[in-house]
Amino acid sequence: METFSIAPAAASDCRECAQLLVKQLGEHGIDASTEQLSRILESVVADGAHGFILLARDELRIIGIAYVATILSAEHCGFVAWLEELYVTPDRRSQGIGTALLTAVLDHAREMDIVAIDLEIDAGHIRAESLYRRFGFHRLDRSRWVRKLTT
């Protein structure tokens, strides 16, 4: 079995991370721009108040990413993490990388005194549901809504 490591992203990783996230979002039918995502990730890496990015790497490349945004929540009365994206490259899935990334996210969030972690899962994504349930996440009786302000 190949080994991998988990570590925070550096500014020099942002373009490759953006390329991975474009693929991930594409799997869910969402168009995204590598350039725009790269700028967002650079902002997060430069200012930890926006959140954090953890990467899984093998000897050659980035094979997984966890992008976490943070907000000050009235509902939870403290800082909350939004697990924006958790992605493992298709060729490295089912090797414990998603589990390792999620473990690292939880550990890092605790170190930052984050009081809760929110996330969303595409309907019917059974593997993702299983992963998050194993870590104690549970479904909320809500529906997510959005209104785009720009085109």
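Biologist: Where is Ser-94 found?
Modeller: Ser-94 sits in the loop between S4 and H3. Keep in mind that this is a predicted model.

Biologist: Okay. Is Ser-94 buried or exposed?
Modeller: Ser-94 is exposed, because its relative accessible area is 66% and exposed means over 50%.

Biologist: And what is phi of Ser-94 near?
Modeller: It's near 65°, a positive value in a residue other than glycine. Most residues other than glycine have a negative phi.

Biologist: What about Cys-77, what is its phi near?
Modeller: Phi of Cys-77 is near 55°, which is positive, and Cys-77 isn't a glycine either. You'll find Cys-77 in the loop between S3 and S4. Cys-77 counts as exposed, with 69% relative accessibility.

Biologist: Which residue just after H3 takes a positive phi?
Modeller: That's Asp-113, with a phi of about 60°.

Biologist: Let's zoom out. How many helices and strands are there in the protein?
Modeller: Four helices and five strands. Going along the sequence, the pattern reads β-α-α-β-β-β-α-β-α. The radius of gyration is 15 Å, close to the 15 Å that the globule rule gives for 151 residues, so the protein is as compact as a globular protein of that length.

Biologist: What box do the C-alpha atoms fill?
Modeller: Roughly 40 × 35 × 30 Å, taken along the principal axes.

Biologist: What percentage of the residues count as buried?
Modeller: 38% of the 151 residues.

Biologist: What about contacts, what share join residues at least 24 apart?
Modeller: 59%, among contacts between residues at least 6 apart in sequence.

Biologist: Which residues in H3 are buried?
Modeller: Ile-97, Gly-98, Leu-101, Leu-102, Ala-104, Val-105, Leu-106 and Ala-109. A handy thing to know when you look at that list: an α-helix has 3.6 residues a turn, so residues three or four places apart point the same way.

Biologist: And what covers the buried residues of H3?
Modeller: The cover includes strands S1, S2 (51-57), S3 (62-73), S4 (78-88) and S5 (116-118), along with helix H4 (126-134).

Biologist: Let's switch to H1. Is Leu-21 buried or exposed?
Modeller: Leu-21, which lies in helix H1, is buried, with a relative accessible area of 1%.

Biologist: What does Leu-21 touch, not counting residues up to four places away?
Modeller: Leu-37, Leu-41, Ile-65 and Glu-85. Leu-21 and Leu-37 are 16 residues apart along the chain, and their C-alpha atoms are separated by 7.9 Å.

Biologist: What does Val-22 count as?
Modeller: Partly exposed, at 23% relative accessibility. Val-22 is also in H1, which runs over residues 14-27. Leaving out residues up to four places away in sequence, Val-22 touches Ala-32, Ser-33, Thr-34 and Leu-37.

Biologist: How many residues apart are Val-22 and Ala-9?
Modeller: They're 13 residues apart along the chain, with 17 Å between their C-alpha atoms.

Biologist: Which residues does Asp-13 touch?
Modeller: Leu-55, Arg-57 and Ile-62, again not counting residues up to four places away in sequence.

Biologist: Last one: is Glu-129 buried or exposed?
Modeller: Buried, at 14% relative accessibility. Glu-129 is in helix H4. Setting aside neighbours within four places in sequence, Glu-129 is in contact with Ile-121, Gly-124 and Arg-139.

Methods: Residues numbered from 1 in each chain as written. Predicted model: local features only at pLDDT ≥ 70, side-chain atom pairs only at ≥ 80, totals over all residues. Heavy atoms only, no water. Helix = DSSP H or I, 4+ residues; strand = E, 2+ residues; numbered from the N terminus. Buried < 20%, exposed > 50% of the residue type's maximum accessible area, 1.4 Å probe, protein only. Contact = heavy atoms within 4.5 Å. Rg over C-alpha atoms; globule rule 2.2 N^0.38 Å.
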